[in-house]
Protein chains: 2
Amino acid sequence: MKHFSETKIIFRFFLITALLSSPVAAFDYLQPLPDEIPVPANNPITAAKVELGKILFFDSRLSLDGTLSCNSCHNIMSGGEDGRAFSIGFQGKKTRRSAQSLWNVAFKTVLFWDGHAKSLEAQTIEHILDKTITGYTNESDFVKRIKSIGGYQQAFNNAFKNTFNKPVEINLKLVSQALSSFERTLTTPDSRFDRYIKGEKSLLTEQEKRGMEEFRLKGCIACHFGVNFSGPAPGPALKMGDGFYELFPNNRGSKYDKLYNLLEDKGIYYLTKNPGHEYMWRVPSLRNIALTAPYFHNGSARTLREAILIMGKTQYGHDLSDQQVEDIQAFLMSLTGKTPDITLPRLPVSSGKSVF
Amino acid sequence: MKHFSETKIIFRFFLITALLSSPVAAFDYLQPLPDEIPVPANNPITAAKVELGKILFFDSRLSLDGTLSCNSCHNIMSGGEDGRAFSIGFQGKKTRRSAQSLWNVAFKTVLFWDGHAKSLEAQTIEHILDKTITGYTNESDFVKRIKSIGGYQQAFNNAFKNTFNKPVEINLKLVSQALSSFERTLTTPDSRFDRYIKGEKSLLTEQEKRGMEEFRLKGCIACHFGVNFSGPAPGPALKMGDGFYELFPNNRGSKYDKLYNLLEDKGIYYLTKNPGHEYMWRVPSLRNIALTAPYFHNGSARTLREAILIMGKTQYGHDLSDQQVEDIQAFLMSLTGKTPDITLPRLPVSSGKSVF
């Protein structure tokens with residue numbers, strides 16, 4: 001797979017020994033969400049692009065039958081996803097994997113469960129041209145739809161005028177740049193965990209602190225570390241486009257493999273067909289995880305409790321006690337952050353003319 | 001139809017002669033949107049109810065398959081409807097009539113195209129229990145769904161605590177009260193027309209003023225008068241629950257009857273089976289009409305231009321000239337008002353548990 005072969009896959013094995021044997025406290029590896037978001041040089045963020053991206057994000061007319069917007073499956077009025085095992089796409093079609101949260105997406109180095117998209121822009125383009133999702137099979141039908149909506153031309157002119165200084169030719173690339181710019185602003189700082197790490201020590205309960213310690217001791221932290229609890233964010237340690245991967249399930253053979261259908265989908269192997277990539281997945285974020293049930297790429301775990309129990313077993317062979325599961329769950333629930341106030345966009349119209 | 005037999009139907013015939021022969025200027029019958037909205041005594045508006053109503057309005061989990069929210073068909077990021085001839089409801093089912101705009105709905109005395117709902121609350125309840133729309137066939141399944149979403153109980157307690165002072169039992173009536181309270185706040189004041197009427201005489205162009213005069217002279221104003229361009233708003237002239245009706249098509253026999261399929265749906269006759277009610281429709285509002293194409297109860301007119309031409313012929317037998325149509329269209333486009341800034345709600349969650 002050309003698309004994937006260029007991607008560097010970083011496995012957590014290089015890090016785990018150092019982390020688990022380290023005498024330093026867990027929160028050196030657990031960091032608050034930074035105030036600044038990583039932005040790629042080829043798509044600098046501007047207020048006008050963000051505003052256009054917000055409009056595009058909420059405009060269901062942009063799907064082929066006009067029923068789905070980005071927000072339908074990545075609901076930013078909630079956990080940034082749709083609370084389903086699999087999303088319902090174009091005319092009732094189901095997606096192959098569970099929709100992931102868009103919150104804090106700027107801190108991901110690769111996109112999708114299997115990390116095959118090397119940028120948010122690439123992910124956006126792939127989504128828009130996915131006939132299971134939007135119904136489109138080519139760029140021109142999609143662009144034709146946008147252009148049929150009077151008002152979008154002006155919105156694109158506004159958003160990209162500094163780049164072009166002439167009337168903007170609407171295309172999929174600009175759509176992906178605007179959408180990605182908006183999506184990068186979707187951060188959830190100031191969770192109780194973040195405030196605790198920054199010094200407000202009274203903000204975590206004793207149980208939550210026990211959970212945080214279990215989270216380290218049981219090895220969860222070996223993959224779920226860093227500002228987004230998903231390994232390195234884009235930066236010196238991991239470039240945008242390089243993925244931080246882990247096996248799931250790692251220890252196969254437990255009852256959970258079958259109960260939760262964990263062996264059917266082999267992760268990035270689906271694309272690379274490299275036997276060494278079987279069951280390799282990009283490490284997902286744990287921020288706002290209280291809001292994103294059901295869990296896993298196939299949404300098979302209906303509760304966070306189950307997900308913790310399964311991860312303990314499938315990744316390390318641990319049989320976590322009820323108390324340990326509850327403590328870890330309590331800790332994870334402290335990762336729910338503050339969402340920004342977002343004003344409803346006003347969608348461009350075709351004055352006095354029907355779009356459909 | 002018991003439901004309808006109690007409703008007083010007011011025909012425009014009682015008014016038309018007086019209006020057309022009147023020497024007073026058109027804008028005595030064309031009024032700006034009032035600052036105050038009519039609110040029924042049995043559902044006083046409160047900030048907490050409005051806030052809960054907003055949450056319910058945007059929560060697609062409340063439809064049976066979790067794909068549709070109120071906003072799906074009554075899109076308040078746009079014209080307050082979905083820009084379709086017929087809406088796409090539960091699992092692709094089409095509605096029988098075109099979705100109407102929710103903007104300025106507080107100023108309607110009866111709801112639905114045929115006006116059979118005597119309050120916004122009644123309309124809401126009927127919609128929620130419409131299996132074509134939400135998929136539900138009974139109240140208990142709907143209430144069960146809301147109750148399954150942790151966080152709603154507290155939201156209902158907050159919204160209705162002054163009424164009850166005890167834990168609130170969630171039911172369809174309270175849902176309809178909260179939703180209606182929110183929807184009544186959806187007003188669009190300060191259109192250029194409104195500001196013109198209030199004294200900013202430079203805000204309408206010469207063409208728009210010509211269009212306003214044609215609107216009066218051609219008789220459009222006989223039905224489309226008052227603050228909402230739909231006859232009397234709730235008040236001394238017309239009580240909430242009494243409908244202001246008109247025949248459409250009035251002069252049958254033109255080519256438009258067939259071209260736009262105007263004879264198939266007989267309006268409120270569908271419910272009353274009273275021969276005198278054939279083709280009687282509640283007079284719809286014209287505010288924000290630039291945003292609500294396609295037009296008519298069946299969405300058969302794809303452009304405002306067509307709609308004006310057809311209305312001239314079917315209601316009065318006028319063959320409007322291109323210039324007259326364009327002038328009237330220009331005037332109607334001045335009725336697009338200012339939408340309020342609405343912050344995205346944060347939907348209640350079931351922490352760590354899947355709703356579906």
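Let me start with helix H13, residues 304–316 of chain B, and helix H14, residues 322–333 of chain B, whose axes come within 9 Å and cross at roughly 115 degrees. Please keep in mind throughout that this is a predicted model. If you follow the two helices on the screen, you will find that the crossing of H13(B) and H14(B) is right-handed. On the H13(B) side the residues that take part are B:Leu304, B:Arg305, B:Ile308 and B:Leu309, and they meet a set in H14(B) that includes B:Val325, B:Ile328, B:Leu332 and B:Met333, along with B:Asp322 and B:Glu326.

Now a second pair in chain B. Helix H5, residues 120–128, and helix H8, residues 172–184, have axes that come within 8 Å of each other and cross at roughly 120 degrees. H5(B) and H8(B) are therefore oblique to each other, and H5(B) passes H8(B) in a right-handed crossing. From H5(B), the residues B:Leu120, B:Glu121, B:Thr124, B:Ile125 and B:Ile128 reach a group in H8(B), among them B:Leu172, B:Val175, B:Leu179, B:Glu183 and B:Arg184. Here the residues of the contact divide into six nonpolar, four polar and four charged.

Let me step back to the two chains. How many residues of chain B are in contact with chain A? There are 40 of them, and they touch 39 residues of chain A. Between them, the two chains bury about 3,200 Å², and 54% of that area lies on carbon and sulfur atoms. Within chain B, the residues that lose the most area to chain A are B:Met77, B:Leu344 and B:Arg346, which together account for 24% of what that side buries.

Finally, a word on confidence. The model as a whole scores ipTM 0.93 and pTM 0.94. For chain A the mean pLDDT is 92, with 91% of its residues reaching 70 or more. Even so, over residues 1–6 of chain A the pLDDT is below 50, although the model gives this stretch 14 contacts beyond near neighbours in sequence. Residues 13–27 of chain A also stay under 50 in pLDDT, and for them the model has 21 contacts beyond four places in sequence. Where pLDDT is low, the predicted coordinates should not be read in detail.

How values were computed:
Residues numbered from 1 in each chain as written. Chains lettered and ligands numbered in written order. Predicted model: local features only at pLDDT ≥ 70, side-chain atom pairs only at ≥ 80, totals over all residues. Heavy atoms only, no water. Axes fitted to C-alpha atoms, helices over the stretch in contact; angles between N-to-C directions. Helix = DSSP H or I, 4+ residues; strand = E, 2+ residues; numbered from the N terminus. Parallel < 35°, antiparallel > 145°, perpendicular 65-115°, else oblique. Left-handed = near helix turned anticlockwise from the far one by under 90°. Contact = heavy atoms within 4.5 Å. Nonpolar A, V, L, I, M, F, W, Y, C, P; charged D, E, K, R; others polar. pLDDT = per-residue confidence, 0-100. Buried area = accessible area lost by both parts, 1.4 Å probe.
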